[in-house]
Structures are given as C-alpha cells and as structure tokens.
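Welcome! Here is a short briefing to read alongside the sequence and the 3D view.

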Amino acid sequence: MLITEIIRKKRDGFELNKDELEFLINGYINDEIPDYQMAAFLMAVYFRGMSKEELTTFTMLMAQSGEMVDLSKIEGIKVDKHSSGGIADTTTLVLIPLAASVGVKVAKMSGRGLSHTGGTIDKLESIPGFRTELSKDEFIEAVNRVGAAIVGQSKDLVPADKKIYALRDVTATVESIPLIASSIMSKKIAAGADKIILDVKFGKGAFMKRYEDAKELAKTMVEIGNLAGRETVAYVTDMNQPLGLMIGNSLEVIEAIEVLKGRGHEDLRSLCIEFATEMMILSGVEKDRERAKERLIESIEKGWALKKFKEIIQNQGGNPEVVNDYSLLPQAKYVYELKCEEDLYIKDIDALKLGIAALKLGSGRQKKEDVIDYSVGIELFGKIGSKIEKGKPYARIYANDERKLNEVISDVEDAFTFSREYVEKRKVIFAKITKDGIYEM
C-alpha cells in the first residue's frame, strides 16, 4: 500500500476503506509516515470531506490507537458528556453530582483549560486536596461507591489524535468539521461510556462562531456516535455571552455550589437540568422526561445534589467543607468593581473579550508551562436583558497582580454594551440533535 496513492485518492474525492485508513494512522503514529504526507492528507480532507461510514471508521481507528477504557465493572449504563468549550461554562461541576444524586452512574474524564476556555480539571484542582489523577481501579471503585468520579484524561488515550491535532494546528486544517468531529468523538469513544451527550456551542466565545456550522458539527458527531454503537445526543447552545456569572477556577466552583444550593443563574441551572434529564433517560434511570425533571428539581431543593458533590470531593481527597466555607478556596488579593452611572439594561456581552481578560489575569495558560492562578477571574452581576441600577456593579474583577488588574479593566468595560431601553433575554438552547433528526428549540 502506498501513502501517495491514499493521498491522491482522497484528493480526488474518493472514499478510503478501512485498510487504507488503518495503514495511514498506524504508519503515522509509528513514525513511518512523515508529517508532510499526513499534512497533505489532512488538507485533502479539509477540501473533500469524508463520508459518514469513512469518518466513523477513521474515528474508531483513532480511538483504538491507544488505551480503550473498560468501564464494564461499573454497574449500570454509563453516560458521558462533552462540551466544545466556552466561557463561564460550569456545567460539568453541577451536572455530575446532580445526575449521580438521582442514580445515574457517571465516570467522567475531563480536560484542562484551552486558551480562554476553562477546563473542568483546573477548576477542581482549586479545591484543596482534590485528586484528579486516579488509577483505573480507583476510578471504577469511586464510581461504584459514590456514583460519580471526575478525573483527567489518561495520557495513553488516543495518541493518534494528539499527534494529528498538533499537526492540524500548524497546517491551517483545524477548521474542518470531519477532523473536529473525529478528534472529539475518538476521545469520547475511547473513554468507555455507553451513551454520550454533546454540548456544541456557537457564538463569540465558542470555537464555532456560526449557528449553522455548530449544528453541522453536532449532526456529524451524532452520526459518528450512533454508527459506532454509542447512542449520542447533541445540543447546540449559545456562547455569544458567558453561560454563568463566574469566570475563573475557584469562582466557578463557587457558582456550581450555588446552583446546587438552589441559587445561581437560571441559564446554568436550566441547562444542567436539561442535560441531567437526558442522562436519566439514556441510562434508563427514568423513562418519563417530566418525571425526571421533577426528581432533579427535588434533588436540588432537598439538598441531595449538594450532598453528592461533597461526597465526590471527599472521595477524591478534597476538603468537602468548601461547600459551606468559600474562604477555604484560593482568595484574590485585589477586588475591583465596575459600576453603572445610571439605570441601564445589558444589551450585549462579548464572551470572548471576558475570557481573554480572565486569561490575562492568570486564570488559564497562555503557554503550556504557565502556572494557573486559581483565585483570579471575573464575576458578572447580570446577563443580556438584566437591569443594572445606578451605582450598582455590573462586573467585579479578582486579581493578584495590580499591573494585570489595571490592564484588564478597559477590556472588561469594552465587553459590555448597555441600553436605556428594555432588552430581551437570550435563550440558551437552540437545537437538539438525535439519531432521529434535528429539533429547533
């Protein structure tokens, strides 16, 4: 088999078979196929795309290039959830204990922050003592004991994707729906879940800027998941403004706890209830959707979801008292408030600008070796459509470096647009995609 013929075949728009794709992936991860030939193949895919069956085969071979996590020792159907990344997206920290509190088994492998988008593992590591690295046996035992565990992705998971993604990054082939879909789904399939929920975001603060592109990506991933034998459901959600009100690691832990206490912003709360409902249906814990939602709301109101989060924290070595005492989390030295000079409605919030401002403060990594400052970030006092009264803050900046604080004040100011007139609130969920079709919401 010749790599040049495989490249030529894809360049000319033909479908590759399993043997050809296997030859390509194995050859590349074993250093038998050089970067320049894989780059040529990726560019051919960028322009020519892939058929459903071809893309599913490519994704499965990527997943099988490393460790395939076996979760069969965990009782019940395991459901995984993936977000394409956003600002103030604290969903996982709320969703996992909430779903586990009503009987869903959740074995969650999460990632670290990428540029201006926060990572679940970084957020959890702001909790004193919390262990995000567990052995495979510890991971399985934790899920069986308390119903859920959240750990960092194994270094042996999908090595083909790690190598191909690094090459895509420097060859202008990142923005390809087949390549994005195979990258995400190969990791989800290798992680061992039986069912998968996807949160595909669009807007200023998301990787996919256009709704139609996000919908196409979600549809492609649902097709891959179902063809691979993993029932997959996707939601297309808004990231033109931050999802929650907190941006930054320890701040987002606080916001998750507030939602589990029955407080927090309605957008974050309603999205987590929707996802947890889907998890209950997919796992067979509940058959009736309305009954599932009632049980989840009851779990929050009666404190069961919060208790479950404490159990997860304690089970993974963290201090569960952070749930009652936020001062146990990392604290910022400087706090600066931005206030309205008259009664105004928030007309627009640029999520990307706020994400980058938090990054400048030190909440994420600009370089791989950067050390995260868990205490810094930005707190919002409203979202699009919220009324801010004269003299009241619309944002609060937490910083440990006075120079960095002064640098981002204007960035945060520029992220907001105000109106004297009433502004309608934005919805969060725009579409749901299943194997049966696309449902606009």
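**Rings, charges and a hairpin**

The charged end of lysine 427 lies over the ring of phenylalanine 430, 4.7 Å from its centre; "over" asks for NZ of Lys or CZ of Arg within 6 Å of the ring centre and within 35 degrees of the ring normal. This is a predicted model, where local features need pLDDT of at least 70, side-chain atom pairs count only at pLDDT 80 or more, and totals for chains, interfaces and linings use all residues. Residues are numbered from 1 along each chain as its sequence is written, and side-chain values use heavy atoms, leaving out hydrogens and water.

**Around phenylalanine 430**

- Tyrosine 211 and phenylalanine 430 make a tilted aromatic pair, 5.8 Å centre to centre with 55° between the planes; rings of Phe, Tyr and Trp (its six-membered ring) pair if their centres lie within 6.5 Å, with planes under 30 degrees apart stacked, over 60 edge-to-face and the rest tilted.
- Because tyrosine 211 is in helix H10 (residues 211-227) and phenylalanine 430 in strand S13, this pair ties together parts 219 residues apart in sequence; helices (H or I, at least four residues) and strands (E, at least two) are DSSP runs, numbered from the N terminus.
- Both tyrosine 211 and phenylalanine 430 are buried (under 20% relative accessible area; exposed is over 50%, partly exposed in between, with a 1.4 Å probe and protein chains only).
- Phe202 joins Tyr211 and Phe430 in a cluster linked by ring pairs.

**The hairpin**

- Strands S13 and S14 form a hairpin with two residues between them.
- Threonine 434 has glycine 437, in S14, as its bridge partner.

**Another charge over a ring**

- Lysine 163 places its charged end over the ring of tyrosine 28, 4.5 Å from its centre.

How values were computed
Pairing = 2+ DSSP bridges.
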